[in-house]
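Good morning, and thank you for coming.

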Amino acid sequence: MKITEIKIGKVSIPLKKTFKTALRQVDSAEDIIIKIMTDTDDIGFGNAPPTAVITGDSQDSVVAAIRDTIGPKLIGMDIENIEKIMTDLDASMLHNNSAKAAIDIAIYDLFGKLHKIPLYKLFGGYSSSMTTDLTISVNAPEEMVTDSLEALAEGYTELKLKVGTNADLDIKRVKAIREAVGNAVKIRLDANQGWNPKEAVRTIHKFEDLGLDIEFIEQPVKAHDFEGLKYVTDHVETNIMADEAAFGPYEVFRLLSMRACDLINIKLMKAGGLHNAIKIADMAETMGVQCMMGCMLESKVGISAAASIAAGKKIITKADLDAAVLLASDPVVGGVAFCKNQILMSNTPGLGITAIEDWQEIDNKNIK
């Protein structure tokens, strides 16, 4: 099975509600979708949701990286030699991790199809389903309470609250939600780099003193501030998770070496794809550090890929893979299925995806 052509397209999918964090506000998912064609007529699907404020990627930069630099190097390569493909992918250019992830996902999709195995089984097959949380955007406390109660009514038992815009208001937000949902619901917070280290410690101590029972707090300080992250981790009882700081294998190695966090959030668009996500998971398991599988605002292509590694690896004990259910429609045929807060893996080879509806090919030369 050899690569003959790479087609680049996009989908634009409105969100059910505006997505708000300390870093950005988004009303629709604008995903680059690629199709890798082969001489056996099999198609591999990959996606990249450009997230400029986190990965530094835009739609134009993802397209240009795949079309002009990464893609041409892969034409004629044999899917069977996946190690060679991933080596060349990493060496093709610096950074541009979202573009690399889109290619990586499509290659693994084809690898699974070649060997007639679902990717989650290829990655270890630890589980065939998982529980995902639902993200509650940062808003006024009363609006976040309403959204949280709606999530509970839909069957979610784990809520990820976006905070980080104002520490004092964050305390009011979390307190109001805990009082509204009760103690049986897991609450995890994501500050998206919104606090400085001392502010984070003061704020987390208030959460602890109020008995709000926070499962963990994600990326309280700036991504580059590893020492600040360690300061927070060392001075609070609540578990601290690295997200934007845990970009790829090199950054995760440093975080683990410093013991700068209690948990790692793996995202394919940060890591550059599944092959680097596996490296991160294996390093974390060696150090006894549990992981969460996260996502950007991506279609079910990326969610199916992320869920495959989460289901395959036992060290990935938490899932924040709700992006596809935040979308107003689903153009992806096949892949994972959702049942309330459960993600169910497909037993079809590869990602289990057969088509992308409303896929618009980008008007530029395909890679042959």
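Let me begin with a definition: a residue is buried under 20% relative accessible area, exposed over 50%, and partly exposed in between, with a 1.4 Å probe and protein chains only. The model is predicted, so local features need pLDDT of at least 70 and side-chain atom pairs count only at pLDDT 80 or more, while totals for chains, interfaces and linings use all residues. Residues are numbered from 1 along each chain as its sequence is written, and side-chain values use heavy atoms, with hydrogens and water left out.

I turn to the cysteines. C295 is buried, at a relative accessible area of 9%. C339, by comparison, is partly exposed, with 42% relative accessibility. How many disulfides does the structure hold? It holds zero, where a disulfide is a pair of cysteine sulfur atoms within 2.5 Å. For C295, the nearest cysteine sulfur belongs to C291 and is 15 Å away. For C339, the nearest is that of C295, at 19 Å.

Next, a loop residue. T51 sits in the loop between β3 (43-48) and α1 (59-74); helices (H or I, at least four residues) and strands (E, at least two) are DSSP runs, numbered from the N terminus. T51 is buried, its relative accessible area being 1%. Beyond its neighbours within four places in sequence, T51 is in contact with R24, G56, D57 and M296, contact meaning heavy atoms within 4.5 Å.

Finally, two helix pairs. Helix α7 (residues 197-209) packs against helix α8 (residues 226-235) at an angle of about 25°, and their axes are 9 Å apart. Axes are lines fitted to C-alpha atoms, for helices over the stretch in contact, and angles run from 0 to 180 degrees between N-to-C directions. The pair is therefore roughly parallel, the word used for angles under 35 degrees, with over 145 roughly antiparallel, 65 to 115 roughly perpendicular and the rest oblique. On the α7 side, P197, K198, A200, V201, I204 and H205 meet G228, Y231, V232 and H235 of α8.

The second pair is α9 (residues 249-258) with α11 (residues 274-287), packed at about 10° with axes 9 Å apart. These helices are thus roughly parallel. From α9, P249, V252, F253 and L256 meet N276, K279, I280, M283, A284 and M287 in α11.
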